[in-house]
Amino acid sequence: MPPIKILIVNMMVPSGDGDGPQYSGEWRDGYELSIALARAGAEVTLLSPSIGKFEKDVRANIDAVALAGGVKLKYAPFVLNRRSGDYMSVRLTIAWIMEYLRARPSLVIFKQIRPDPGLLIPGIKKKCIALTCQLPSVKNAVYAQSENTGLLYRQPSVFERAMKYLCEKIIMLYSMVRDPYEQYRAIGLLVQPGDEAGENACRVAGHETLLMPKGILSYKFIEDECASQQKDIDAVYCGAITYNKCVFELVDAWKRLPVKAKLVIIGAGAPELQEKLAAAIKGFPEIEYRGALHFFDKFRLLSRAKIFILPSRKDFNPSAILEALSMGVPVITSRQITSPVQHGYNGLLSDAGDINGLSQNIAFLLAHDDERKKMADNARESAGRYSWQKAVDAVSSLVGGLPRAHRDYPVNICLSVSAACQAKCIFCPPERGKRITPKFMAYELFRKIIENAKNDSFEGTFIFGENGEPLLNPDFNKMIVFTRSLFPKNRIILFSNMERLSPETAEVILNNGVNEIHFNYDGATAETYTYVKGLDFARVTENIRHFLQRRNSGGFTTKVHVQIISANRYLKTMGLPQAAKFKDDSKEAAAAWKGYLSPHDTVSFTPIAQWAMDARRMTAKKTPCGMLPRIGKNIYVAPSGKTYICCMDANADLVYGDLSTQIIRDAWQSPSREKMVDSLMENDFASLGFPCTVCRE
C-alpha cells in the first residue's frame, strides 16, 4: 500500500522557565503520539516549537526510535518564544508550517490549538487568527483545556460552532498549498478530550476532524528500577506553579494536618509566583519545593510517594494524574476537573478551593495504610486504560489503515569472525567472548553468509571486528579477498588492535580496498599503553608505522581512524585512585602519528564508556537505550552464525537467529528480533535480561 504521510503540528509552546517537554504534558502529548504513529507504520513529521535545553535529548530519542524500528519519523523544530513573540514571528512560523504542507501529507494533525487568539503567544491578537488557525473568543463558552486538550466545549452547540469555525480555518490554510480541484483525503485535528469522546469524528464542510483519546507511554525501566522503593515521601505535587492549580491552597491545607508529614512540590512557574511559594513554605521544613525536574526524575520521585495531589480549579485529564496512577500512586484532586480519579477507588475528591476538605482527604490517606494500598492497586488498573494505541487505531481507520513499519534488511553486516582476543583492555569486560563457541568463524560458514548477501543484492557495509580480534582468525585474509570479489563497490570496515597485522595481511587489506581501519593507540609510552591494552607496545607501534608507510607510498585509499583512551583519563572518569599514577598522555599519543596520517584520517579522544564496569556493578539501568540507532541498522553475527541484538552483548547472549540455518532476511525479520527491539524501544530491559539490565550505553 502507498505510504501514509502524517504531519503533526505541535502548537504547544514550551515554558521558558526550564520546564521542558519531558516535564510538560502539553508538549509531550504530540511527541509521544508521533512516536506511536511512526511505529505503527506511518511516515511522520513532528513540527514543533524548539524546547531549548532538552532539544538534544528529544532529537536523539526520536532518531533512535526511528532507526531501531525502521520507521520514518522526522523531528522539525522551530523557534518560537512565547515571551517575545510578535506578529512577524507568527508569520515566519506559518511560513514554516506551509513549507511542510507542500509535501502533501495524507493527514495533518494540529495538536494543542488554543480556544483564544493570543494564547499561543501573549500579545498576538485577532489580526493573526486566520494565520494561526485559532478560534475567536466565544462569549459565555464554558471550556476546559490543559495538558491533554486542544479544545473541549461543554455546551454541545458552542462546541459544534467552534469546531466548524476552526476546521474552516484549517481547511483554508491547507487549501492554500493544495490543488483546488484535488480531493482532500482528510484534515485532522487532535483534540483528545478523553475516554468519553472515544473515536467519534465529526464532519465539517466535507472534511473530517478526528477526536481521539489521550494516551500515556510506559517507561518500564523506571517502573522496574523503582519497584522496591520505600515510600518515604508522604505526598508529591507536580504541576505548574499557578493559581489555577491551587498550589497555595495545598500549602495551607498541609499546614492544617494533625501530624507532621513530608510534601514535595515540583514544577515551574513565573518568578513572582515561585517567590510567593517560597515565602509560603518558609518555616515549614516538611514542605519542600524543588522546581522543575527531568521527566525521568519526576517518575522516580513519584515511586517514593504515598499520595499524589493536584487540586486544580480547571483541568482536563492532566498528564500528571495519569503518570501518578501509572506508578500506582493514589491521587487527591478536585471534583471540578475531568480525570480518571474515582472517589474512594483510586483516590479522593474535594471541591477546588476547599482547604479543609483537601486537608481532611490528605489526613485520611496518610492515616489509613490499608485503604491507601487498595487505591494504589486500583490506580495502576485505571491508568492502563489510557494508551496511544487507541489514537493510532483512530488515525488508521481515518486513513484506511497503516502499514506495519520495519526495515526489510540490515544496513550493516557486522561479522565476529573471531571471539578470541589477545588484548586485555581495561575498558572491555574481562569476560568478553569467554562463553562464545567456537572462537573462530569457519570459512565455509563465512562464504555462505557473504553469498546470501550477494543473492539479496546487499548494498550496505561489511564490518569486521565484533567481540574479538578478527586478525586472529587463520582465514582472515581469505575472507577479505572473497568479500571484495563478490562486492567490488561495498564498504568494508575493519576494527583491530593491530598487534597481528603482518606485512602480508597489510597487503591484503590495502590491495582489496578495505575502506576504513579503526584501532586504539592508548598511550605514548610502553608503560601507559601496556596498562590500558596489555599488548606489546613496540610491536603494535611498528605494525601501524609499516602499514601507514605502505599505504602512503602505494597511493592506497584506506582511511585510518585512531582512537585514544589514556590510562589517566579512563581511571579518572571511573573514579579510581590509580589515576594518580599516570599523566594524561593522549596528546603525545596522537602526536606520534603526525607525519603518517593523511587529511582524510582522524584522531579522536574516545568518550569513556562504563562497559567494563557494568557486569561487576550489576545495578539497574536508569536511562533509555543509547544503542538503538545501531541496533536498528546492524546485524551482529557470532562465529557460530548466531545473530545477536547488540555489540554491547559481550558474550552474544541475546540471540534471535542463526545464519548457519537461516538466510539473513529471515533472521532479521524474525518475530524474536522484533520482540527484542520493541522491548528496547519501550525501555523494558527486565524482559531482555543481562546485559540490557545493566548497560550504561
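Q: What unit do β14, helix α14 and β15 make?
A: β14, helix α14 (residues 443–455) and β15 make a right-handed β-α-β unit. Right-handed means that, with the strands pointing away from the viewer, the path from the first strand over the helix to the second runs clockwise. Helices (H or I, at least four residues) and strands (E, at least two) are DSSP runs, numbered from the N terminus.

Q: And before we continue, what is the basis of the model and its values?
A: This is a predicted model, in which local features need pLDDT of at least 70 and side-chain atom pairs count only at pLDDT 80 or more, while totals for chains, interfaces and linings use all residues. Residues are numbered from 1 along each chain as its sequence is written, and side-chain values use heavy atoms, with hydrogens and water left out.

Q: Back to β14: how many bridges pair it with β15?
A: Four bridges pair β14 with strand β15 (residues 461–464), in the parallel sense; two strands pair if DSSP finds at least two bridges between them. Asn412 has Thr461 as its bridge partner in β15.

Q: Which residue of β20 stands opposite Leu415?
A: That is Val637. Strand β20 (residues 634–637) pairs with β14 in the parallel sense, again over four bridges.

Q: Are the side chains of β14 buried or exposed?
A: Asn412 and Cys414 point one way from β14 (residues 412–415), Ile413 and Leu415 point the other way, and all are buried. Buried means under 20% relative accessible area, exposed over 50%, and partly exposed in between, with a 1.4 Å probe and protein chains only. In a regular strand the side chains alternate between the two faces of the sheet.

Q: Moving on to β17, which residues lie on each side?
A: Glu516, His518 and Asn520 are on one side, with Ile517 and Phe519 on the other, and all are buried. Thus five of the five residues of β17 (residues 516–520) are buried.

Q: What are the strand partners of β17?
A: Strand β16 (residues 492–495) pairs with β17 in the parallel sense over three bridges, and Ile493 has Glu516 as its bridge partner. Strand β18 (residues 559–564) runs parallel to β17 and is joined to it by five bridges; there, Asn520 has Gln563 as its bridge partner.

Q: Which helix makes a unit with β16 and β17?
A: Helix α16 (residues 503–511) does, and the β-α-β unit is right-handed.

Q: New topic: what is the strand order in the six-stranded open sheet?
A: The order is β10-β9-β8-β11-β12-β13, with parallel pairing. β10 (287–289) and β13 (347–350) each have a single partner strand, so one side of each is left without a neighbour in the sheet. Neighbouring strands are turned by 20° against each other on average, direction ignored; the axes are lines fitted to C-alpha atoms, for helices over the stretch in contact, and angles run from 0 to 180 degrees between N-to-C directions.

Q: How many bridges join β11 to β12?
A: Three bridges join strand β11 (residues 305–310) to strand β12 (residues 331–334), and these run parallel. Leu310 stands opposite Thr333 in β12.

Q: Where is Ser350, and what does it touch?
A: Ser350 is in strand β13 and counts as buried at 5% relative accessibility. Leaving aside residues up to four places away in sequence, Ser350 touches Thr333, Ser334, Arg335, Gln336, Gly357, Leu358 and Asn361; contact means heavy atoms within 4.5 Å.

Q: What about the aromatic pairs, how many are there?
A: The count comes to 15 aromatic pairs. Rings of Phe, Tyr and Trp (its six-membered ring) pair if their centres lie within 6.5 Å; planes under 30 degrees apart count as stacked, over 60 as edge-to-face and the rest as tilted.

Q: Why is the pair of Tyr521 and Tyr529 tilted?
A: The ring centres of Tyr521 and Tyr529 are 5.8 Å apart and the planes are at 40°, so the pair is tilted. Tyr521 counts as buried at 2% relative accessibility, and Tyr529 at 0%.

Q: Which residues are in the cluster with them?
A: Ring pairs link Tyr521, Tyr529, Phe537, Trp593 and Tyr596 into a cluster.
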